[in-house]
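The sequence and the structure are shown first, and the description follows.

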Amino acid sequence: MSKIAHVKQLIKTRQRQRRASFTAALLIAGVSLLAFYSTAQAATGSILNASYDVTRELFKDINPAFVADWKKKTGESISVNQSHGGSSKQARSVIDGLEASVVTMNQANDIDILADKGLLPQDWAKQFPNNAAPFYSTMVFLTRKGNPKHIASWDDLGKPGLKVIIPNPKTSGNGRYSYLAAWGSVIKTGGTEAQARQLVENLFKNVPVLDGGGRGATTTFTQREIGDVLVTFENEVQLVRQEFGDNFEVVYPKISILAESPVAVVDKVADKLGTRKISTAYLQFLYTEAGQDLIAKHYLRPRSEIAAKKYAASFKPVNLFTVDDVFGGWKQAQKKHFDDGGEFDRIYQTKK
């Protein structure tokens, strides 16, 4: 090797060494920054609640009420941050690294998935009262003013020519409950599995848009003005009527599904960030009379008898069935209907 070539080789070697040192320094800095962020969260008492789409307004009221209650009891200043999206998308985000100390979902299945990944215990539903569901709702219909299509039942949603807005059952608890409510309405009135499948197939032939979550579906129906009827949670249709006035009409089917909203501390995150005490107290606050009162004000059905009686006029009696009643629980419903290659995939293929 010539002297010039030797010098060039030395220069290249030193450049590679400098780049390697710089990269290592960046990695160390990144790890240090993450550690600082986690420590800062714990030190300031900051927690993140990963929740589903249509609870945005609820937690805007719950969070400051809890913060004030905590301050009064302990003298400590804390903060609660929110993340919202389709329930199943939120569960996936937590699995993928979103550091939510608590989750407040609209179906047990999305918390079971976290348990299966080791983020919290398998018996999470026993950690709080009422199967860890401090409130519940049901699925109802929102139609255009005057209900021009005369929609009254789940059967009506399968009639030809109707446009039904429902979010994607693969990504949204809202969509899953709507699907299961339609299917279960047939079974609970004496129909067969084949008849239930036919209704759901007819229904999804009428769905022009599959939004990723419940709030997206609401926007499609109310602002984009697509569809004749929106199927969504009872609390969501009441909020729509508050915002848009008498442009819409709420229709209660005679039979619908009990839609529980389970909650859980994400143990792995809470322990990592040192937020377990605050996280547990936050979810316990949902069961207090103050929390239950706020829940009922947002048209979510409370567990408290006091709140239920106080807001009885807001909740029309409906014949409700559970996922356990008809489908044998969420795990069985997920496997049969919503896993890849399940009933929903096969049904939706017939639309194409």
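## Aromatic residues

One aromatic cluster is formed by Tyr179, Trp183, Phe204, Phe338, Phe344 and Tyr348. The model described here is predicted. Within helix H16 (residues 343-349), Phe344 and Tyr348 stand four residues apart, about one turn of the helix.

In total, the structure holds 17 aromatic pairs. Tyr177 and Phe233 make an edge-to-face pair, with 5.9 Å from centre to centre and 70 degrees between the planes. Tyr177 belongs to helix H6 and Phe233 to strand S7 (residues 229-233), so this pair ties together parts that are 56 residues apart in sequence. Both Tyr177 and Phe233 are buried. The rings of Phe344 and Tyr348 have centres 5.5 Å apart and planes at 25 degrees; the pair is therefore stacked. Phe344 is buried, with a relative accessible area of 2%, and Tyr348 is buried as well, at 18%.

## Nonpolar cores

The largest nonpolar core comprises 82 residues, and Trp154, Leu157 and Phe204 have the most contacts inside it. Helix H6 (residues 173-187) supplies the largest share of this core, seven residues. Another core, of 12 residues, lies apart from it and includes Phe221, Leu230, Val237 and Tyr252.

## A buried arginine

Arg144 is part of strand S5 (residues 139-144). Arg144 is buried but has no salt bridge, and the nearest side chain of opposite charge, Glu225, is 5.8 Å away. A polar atom of the Arg144 side chain lies 2.9 Å from the backbone oxygen of Phe221. Beyond its neighbours within four places in sequence, Arg144 is in contact with several residues, among them Ile226, Asp228, Asn247 and Phe248.

Technical notes
Residues are numbered from 1 along each chain as its sequence is written. This is a predicted model: local features need pLDDT of at least 70, side-chain atom pairs count only at pLDDT 80 or more; totals for chains, interfaces and linings use all residues. Side-chain values use heavy atoms; hydrogens and water are left out. Helices (H or I, at least four residues) and strands (E, at least two) are DSSP runs, numbered from the N terminus. Buried means under 20% relative accessible area, exposed over 50%, partly exposed in between (1.4 Å probe, protein chains only). Lys and Arg count as positive and Asp and Glu as negative; His and the chain ends are not counted. A salt bridge is a side-chain nitrogen of Lys or Arg within 4 Å of a carboxyl oxygen of Asp or Glu. A polar contact is a pair of N or O atoms within 3.5 Å; within protein, one must be able to donate a hydrogen and the other to accept it, and residues adjacent in sequence count only if both atoms are side-chain atoms. Contact means heavy atoms within 4.5 Å. A nonpolar core is a set of buried Ala, Val, Leu, Ile, Met, Phe, Trp, Tyr and Cys residues joined through side-chain atoms within 4.5 Å. Rings of Phe, Tyr and Trp (its six-membered ring) pair if their centres lie within 6.5 Å; planes under 30 degrees apart count as stacked, over 60 as edge-to-face and the rest as tilted.
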